[in-house]
Each structure stands twice: as C-alpha cells, then as structure tokens.
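Biologist: I would like to learn how to read a structure feature by feature. Could you take me through one, with the general idea and then the case at hand?

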Amino acid sequence: MNNLSAFAALDANPLSKTCYLGTHHNRFNLLQRPRNVVVCSVKPSVASPSLLSVAGSPNSGPNRIESLTQVSGVLGCQWGDEGKGKLVDILAEHFDIVARCQGGANAGHTIYNAEGKKFALHLVPSGILNEDTLCVIGNGVVVHLPGLFKEIDGLESNGVSCKGRILVSDRAHLLFDFHQAVDGLRESELAKSFIGTTKRGIGPCYSSKVIRNGIRVGDLRHMDTLPQKLDLLLSDAASRFKGFEYGPQMLREEVEKYKRFAERLEPFIADTVLVVNEAISEKKKILVEGGQATMLDIDFGTYPFVTSSSPSAGGICTGLGIAPRVLGDLVGVVKAYTTRVGSGPFPTENLGKEGDLLRLQGQEFGTTTGRPRRCGWLDIVALKYCCQINGFSSVNLTKLDVLSDFPAIQLGVAYKTSDGTPIKSFPGDLRLLEQVKVEYEVLPGWNTDISNVRSYSELPKAARQYVERIEELVGVPIHYIGVGPGRDALIYK
C-alpha cells in the first residue's frame, strides 16, 4: 500500500603614496596570511557637482521622499544585511503599499518603532509599523506559514495591528517544514563545498516551484487535492535523500496541519497581481522591498554561493506581476563597508583586527541565523556592478557611524589579475574572483562619534570626503546616510 492509499485509509596613512602587494592563499590559510591586495593612497577629491545635493535644498528630507516615483523600490547592493528594512520603514509613511517580491524567511529586516522597540521581520514587509500601509507578499515569495503566523502573532502582541493590512498572493509557493529538513540534508551532502544557506528551506522550495511540483497558496482552497500534491512532494524528497523518512503518518499530520492553516490564512489570500495593478491605475504609491541583495542574485551573484531568487530589479516585475515601464526610482542600499554571511568569494574581506573591529562596532550577526558575518572594506567594483545591473537612481549609505573609530579607511577601487592586468567589471568566473588582487585607496578617518549628527553639513570633513569619493567612483548620488539604527538616525543629502 502506498503512502497516499494508506493516508486515505487513515482518513485523510591616508596621504602616503606607498603601495604594497599581498600574496593570495587558499581561503583556509587566510586567517594567518594577508589577502591579495594592492594598497594605494588617494588624493583628496571632490565629487562631481552634478551628482551631489546641497544640504538644505528642496530635495532634502521629506521633500526628497515625496519626490520618489509612484512605483519605487529599495534593493540591496551587497550580499544582504545592508539595512534595507530601516529605509523601507521610513519611506512607507509616504506610500500606500509596501510589497515583497522574492525570497522568503531567509530575509531578516530589523526595524525600530517610534519608541525605539526592535522588530525583526522575515516575511512581513517592513511597512507594517505604519498603520496606513497595506503590506503585500507577492507571487515571487516563498511562504512558510508557521513562520508567517508567528511573525503576525508577535506583531499583534506588541500592539501592531495586522488585520486587513497583509495580503498574500494566491500564486506564492508554500514552503513546508520538510523543505527545511531537505535544505539541511543538502548542505550536509555538499560537505566542504557547502553553500552556507540559512537552512530555511528556500532553495528546496524554489526547486519544487521550478520542477513544477510545488504547492501554491491558492491550493489551500482545494483541500480535496492537497493530499495527492503533498504525497508527490514528500515522496520525491524521500527518494532523493536517504536521511529523509516519510510515511503515511507524516502525510496525515501535514494535511491536518494545513487544513487549520488554510482557515487562518483565508482572509489574507488575494490575487495580488490584480491588487497591485489596480493600485497603479488608481495612482496609489507602491514601494517594493527587496530581500537579500544583488550579489546573491541567482544569475548575477557569486554563483553557486547565492540565493535561489532574483533580488535585483528584474525580480520586481516577475515577483509582483507588474510591467517594467511602471518602475521608477530604485534606491540601492549599501553599507559603508562590506559584510557577507556564508560561503563564497569576498575580495575585500579583512581577516585581521580591522575586520574584527567592524564586526564588533557594527554588531554584525545575522538577524535570521545569528551567525557572525564576515567583514571587510567597501568594494567599489561590486557596487558599480550592482548599480549597472539595477539602474539605481540613488543610494542609501548605511552604518557610516561604524567607521568612526578607524584612523584610516580603505576603499577597494579596482581588481587586477595575478599578472597585474586590470579587470574591467565584477567577474562571473569564481576561480578568477578568488585570485584577484584588490587595489585600495586610503582615506583619512574622522575619529569622532557621528551618531547624533542629523545634517550632512555637520558631518566631519573626512566623513563627507568619504561619502563624496564613493559617489565619484560609482556615479550615483547618495541621498540617504545612516548613522545609527533608530528611525531618526538618518541624514538626507
């Protein structure tokens, strides 16, 4: 008797000019030896006036936000954890809808309310703290219902009303607990070549979607066919992984559980493609919140050390069902330095005292996993690449305050091959990427706390020089500068 039959039976120095060359080594030896680097000084420079905004101009502060287009987006420029949630939370007050378009509970967005209370969100869009904002979880997101309900319960218990304020696409795919189990088995199988995923089941769920045996939110409205669909999914996992045990009891328990989930989820389910496009026709403002970041994009990231979705601009259209022509301003969010969680190349990674200080000062531990993040200097090559792919109209530079204790700050401005040949763009060849020499510019630090600064003109000269040098190198204006975790710790430029 097969499982389905059994189930039925059971009832279903900044100004110096010196340069030095480091030597590249295997990643396992990097803790003892320097990375492959070329370090050079930089002469003080002023960014192009066309790229910069004057403090106090009509484009500053709330006017800056109000000028954002009807459909705007906030996307990550690095390997995630840039602080996208904070900007979305701030901007949400000026938008009618905040929508997630891809990823799942592997996204961890930390935001603070007006009283300074901390909220860690994983599936619910970061606009939820603004009571007039409708939050949409689009078709491109993979949804783990136990996690979603836990998040909603946590928000409600802290006085944040979610009733009538969250819509989940009927086309979004369901992420089951067994997807998480499979994620762990898959990582164990890979041994030394593991990806370093969050083990939240994201990859296996997207795999189910792509091979066309996934289960969508809308399927919960047809409980008569759910057992067959679940059996197919679970049987497939059992045939693939020896450590995955599956039997009729598991099937029965899953079906019973999802019967209860279906009841609770029903008020949230909607045709979000229709909802979002009608909102666009009615001239309502929509803000798209990206999860993860471009350097983790399944196509453009450091494959295979990437996520399983498209956190770049293209994912907005496919993940919400909106036309490319309606997209307007896209804000790229980037830390004033670089971090990464998990495995994969990280050209500007600093394994010395500076990296440790960045981790300590920036409290670089994952919102979703709690894992310590790998830290290093800002990678301009990677940032330019992300700006090119996404066409950002502006940038939000976050955590500038973290650099306040450094006497000198480095910017990774160029890559070269082992023989000194310049590399024009961020390479897709991982072997080449692991061997690149990074050329750094060294800028002076400011050695003073800037966490209470709220005006660009009041930042120390060295801090402004750092910001403007980034603008000059990347060619995109920096309109928002984060100097702390709170909502108010933002400088409009």
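Predicted model: local features only at pLDDT ≥ 70, side-chain atom pairs only at ≥ 80, totals over all residues.

Biologist: Why does Glu-282 count as partly exposed?

Modeller: Glu-282 has a relative accessibility of 48%, so it counts as partly exposed.

Biologist: Which residue does Lys-335 meet in a salt bridge?

Modeller: Lys-335 meets Glu-364, at 2.8 Å from N to O. This pair links distant parts of the chain, 29 residues apart: Lys-335 lies in strand β12 (residues 330-335), and Glu-364 in the loop between α11 (353-361) and β14 (374-376). Lys-335 and Glu-364 are both buried. They also belong to a network of salt bridges that links Asp-81, Lys-335, Glu-364, Arg-373 and Lys-399.

Biologist: Now to strands. How should I read their pairing?

Modeller: Strands of a sheet pair through backbone hydrogen bonds, either parallel or antiparallel. For a case here, take β17 (residues 408-416), which pairs with β15 (residues 378-379) in the parallel sense over 2 bridges. There, Leu-378 stands opposite Leu-411 of β17.

Biologist: In which sense do β17 and β19 pair, and over how many bridges?

Modeller: That pairing is antiparallel and has 8 bridges, with β19 covering residues 437-444. Within it, Gln-410 has Val-442 of β19 as its bridge partner. β17 also pairs with β18 (residues 422-423), in the antiparallel sense over 2 bridges, and Tyr-415 stands opposite Ile-423 of β18.

Biologist: How many residues lie between β17 and β18 in their hairpin?

Modeller: There are 5 residues between them, and Gly-420 in the turn has a positive phi of about 90 degrees.

Biologist: What is the order of the strands in the open sheet of 10 strands?

Modeller: The order is β10-β8-β6-β3-β11-β2-β12-β16-β20-β21, and the pairing is mixed. At the edges are β10 (269-270) and β21 (490-492), each of which pairs on one side only. Helix α3 packs on this sheet and touches β2 (71-76), β3, β11 (286-289), β12, β16, β20 and β21, while its direction makes about 160 degrees with that of β2. Inside the sheet, β16 and β20 pair in the parallel sense over 3 bridges, where Val-395 has Ile-478 of β20 as its bridge partner.

Biologist: How about a helix: how many residues of α14 are buried?

Modeller: In α14, 11 of the 14 residues are buried, so to speak a mostly covered helix. The buried residues include Ala-462, Tyr-466, Ile-470 and Leu-473. As a group, the buried residues pack against β15, α12 (380-390), β16 (394-398), β17, β19 and β20 (478-482). α14 spans residues 461-474 and reaches 20 Å from its first C-alpha to its last, close to the 20 Å expected at 1.5 Å a residue. After α14 comes Gly-475, with a positive phi near 85 degrees.

Biologist: Where is Phe-95 found?

Modeller: Phe-95 is in the loop between α3 (84-92) and β3 (97-100). With 4% relative accessibility, Phe-95 counts as buried. Beyond its neighbours within four places in sequence, its contacts include Leu-68, Thr-133 and Ile-286. Phe-95 and Thr-133 are 38 residues apart in sequence, and their C-alpha atoms are 6.9 Å apart in space.

Biologist: Finally, how many disulfides does a search of the whole structure find?

Modeller: The search finds 0 disulfides. For Cys-162, the nearest cysteine sulfur is that of Cys-135, 8.0 Å away. Cys-162 counts as buried because its relative accessibility is 1%.

How values were computed:
Residues numbered from 1 in each chain as written. Heavy atoms only, no water. Pairing = 2+ DSSP bridges. Helix = DSSP H or I, 4+ residues; strand = E, 2+ residues; numbered from the N terminus. Buried < 20%, exposed > 50% of the residue type's maximum accessible area, 1.4 Å probe, protein only. Salt bridge = Lys/Arg side-chain N within 4 Å of Asp/Glu carboxyl O. Expected span 1.5 Å × (residues − 1). Contact = heavy atoms within 4.5 Å. Axes fitted to C-alpha atoms, helices over the stretch in contact; angles between N-to-C directions. Disulfide = S-S within 2.5 Å.
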